[in-house]
Amino acid sequence: MEPPIYYSKAEFIETDTGNKVSRRATIAGPQNIILGGKTIISTGAIIRGDLRRTGPGHAVVISLGRYCLVGEGCVMRPPYKTYRGNFNYYPMKIGDHVHIGANSVVEAAQIGNHVEIGKNCVIGKFTIIKDCAKIADNTIIPPNTVVPALSLFAGNPGRFVEDLPESTQEMVEAQTKQYYTRFQPLER
Amino acid sequence: MPPSVRYHCPCLSNSPFPPPPHLASSSYSFHPLHELFFCEECDAVRCNRCVTVEVSSYYCPNCLFEVPSASVRAEKNRCARNCFLCPNCRNTLSVVPSDPPDSGDGRLAVPVSSLNEPPFFLYCNHCRWDSAEVGITFEKPTGLAAQLQKFEDSAPDSLEFERLKEHFEPFIRASSLSSSTNLSHPAAHPSSAAHSHHAHSTSITAAASAALAREIPGVSKYNPLSRSTSSRSTTGKDRSVNKDEMTEYRSRLEISKASVSGSGGGETDVEFMRHLEDIGQVATLEQRWVNSWATPLQTRELKPLRIPLHSKRSKRCPACTHILIKPEQKAQSVRYKIKLVAANYLPAITVALPHAQRLMTELAKKSLGKSTSAAAADDDKSSLSDMHAGKTYPFHLALSNPLYDPITVRLSVQRMHVSTAPSTKESGSPEKARRPPFAVSLPTSSFSVAAFAEAWEYEDDEDMFGADDSEDLPGRGGRETDAKGKVRTVGVLEKRANVTLVGGEVVIGKEARGNVKFNMLVSYTYRSDDPSPEGNEADEPSKSPSKAGPEVKTFAFYTVVDLGQIIPREEPKADSEL
């Protein structure tokens, strides 16, 4: 019932699997990025697939599931650390039905399914966000934080606020699917 | 704020009718649909305020370890592994090794924390607090809790707590025994039943309050004789015998001498305050109040906190104690063994204001191509849904049917509703005194909403937009279609899949202000050939409140519809009366 969200047809590239990627997004190292299908990469987003693990061979740096949304101006950057004297980047895994609000910076190691991240958030390095969690707008999640399933985190630093309702999974799933349906091209 | 529909749960009052929506307190009786549960046994809506909750498992929110309930009590509800909270900002602490010795050329040979060198300490990634500040370091990076255990166990607060626990142990054991007998024969002990729902909690509360009555008025000022008689007269009754057997508790530490033995307070604090240079040296209230014992006044005395455990909970119906929610045992699983949520039983209703939607769409088209500034767009959106006093606005209600059978729905505004709910008068009379400054018209006849079918769940239901207009039900007013194809009328506007869109209309008075908010009764009837259409073990058709036929069930519930704010007007461009 919600009104459509229009985008200009010239701006977005639609792939065979239904991914919609803005031409104005910065996609570095696209060969290292996996999009699950029906995922939207908005204007101005920056996805750093070029920051790969050192070593030979093919490496997946960032993988996104189905029905994801990378909001306007988001930065997706794989986490890095120096372990036993060696500097390295580590892959970032994101599940299905994950929405990331505008202007958020994500350096998480793992984001589960049905996760909502608000606007203007900072998700610190190696953060693990479990299924159906929600990060409120303007939240700063410090590095190495674990966000348990079905919990709402907010604040600076992000802290547990409350448990989310049992039907969160269905709600988020319906919402992300609807968002994709609403995201319609407009010929100009 | 966008227009919203919330559902009524009657648990807060004895009347089945919801409170008038203009009262601020009415919001406590209404909940979003997805937060509600549905008890099949009672055929009633339940909310988080009325369900009974029990813990089904405990886990640490940081390491996600599932703590067996036996060790939960022993660990004082906190994680006994490597999880600590920063005492400064409540962030999770991480274990870091010390920096390697300086090579002497002015810069570090290898980046910080790259080599595993003892001693290890806890470090906050957010506020940069580290445990070395308070003199806590570790020889190895594992089993930190065990390494800290001996310090914790020797702390005065845990010693005192152990002593208290020891002191009350025989009493709690005795009273839990007696309460379990009370539970099995609730009628035999009317006094304890009247005390509280739960006999077990009563005994513990009684023990705690008795202890408080003894300890709070002062350690030595009170006469023990008068105390025991007063406790007998107030809380005693059937358990006063038990209480008299208790010996008097003597604390480990005399509280008046606490400041001398280094727990702060009195002269020591004054001295500290006198030499204060920076407000950050004093621990904030938030940093202090989680500590049960004498709370450290100085920031540099704060100790890392072990992370409190979280729990997964199952929920029961308060009336019939049937389980509504039962989570899977695994801590991070989001699946449920039993999940009776209202969204699977009641039709979901969404409300929209077509005039706002149209403007929004145009705005979205216009702003396209320009650099999008999110803040400005949000401002516009909120003002778009405003309604001006003295005008008439249509609104759309979309009802989607979660059942596998078609339903027939009838909508009515609460105060106009007299025929099927006769006692509406009682809520109707105060309404008369303060009539809302707007009038709502809804489709008066019932309409159908098609059954939910998995086939319609296919992702692109955009193709399903072909509206089925053949079954058009007589609504009020004629149908007139404007340029955009939207129908401006009261009645059924569109049917597709398991969603039916109906139109309503609100006439806002010239002097109106506040929100357009009204209670709406939704009653729906569903026909089923199958005696248990929900396919669950507890469904019994005979339990439904009113039966028109052998296979027809009716269920009614209240909602509150909030259409948004009315903009008061000086010179009304009225096209309506009232």
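Trainee: In what order do the six strands of the open sheet in chain A come?
Mentor: The order is β4-β7-β10-β15-β18-β21, and the pairing is parallel. Strands here are DSSP runs of E, at least two residues, numbered from the N terminus, and two strands pair if DSSP finds at least two bridges between them.

Trainee: Okay, and which strands stand at the edges?
Mentor: β4 (26-28) and β21 (140-141) of chain A do; each has a single partner strand, so one side of each is left without a neighbour in the sheet.

Trainee: Before I go on, what kind of model is this?
Mentor: It's a predicted model: local features need pLDDT of at least 70, side-chain atom pairs count only at pLDDT 80 or more, and totals for chains, interfaces and linings use all residues. Residues are numbered from 1 along each chain as its sequence is written, while chains are lettered from A and ligands numbered from 1 in the order in which they are written.

Trainee: Back to the strands. How many bridges join β15 to β18 in chain A?
Mentor: Two, between residues 105-106 and residues 122-123. V105(A) stands opposite V122(A) there.

Trainee: New topic: is S42(A) buried or exposed?
Mentor: S42(A) is buried, because 23 C-beta neighbours lie inside 10 Å. The cut-offs are 20 or more other C-beta atoms within 10 Å for buried, 12 or fewer for exposed, and partly exposed in between, with C-beta atoms placed from the backbone.

Trainee: Where does S42(A) lie?
Mentor: In the loop between β6 (40-41) and β7 (46-48) of chain A.

Trainee: And how much of chain A is buried?
Mentor: 50% of its 188 residues count as buried.

Definitions and conventions:
Helices (H or I, at least four residues) and strands (E, at least two) are DSSP runs, numbered from the N terminus.
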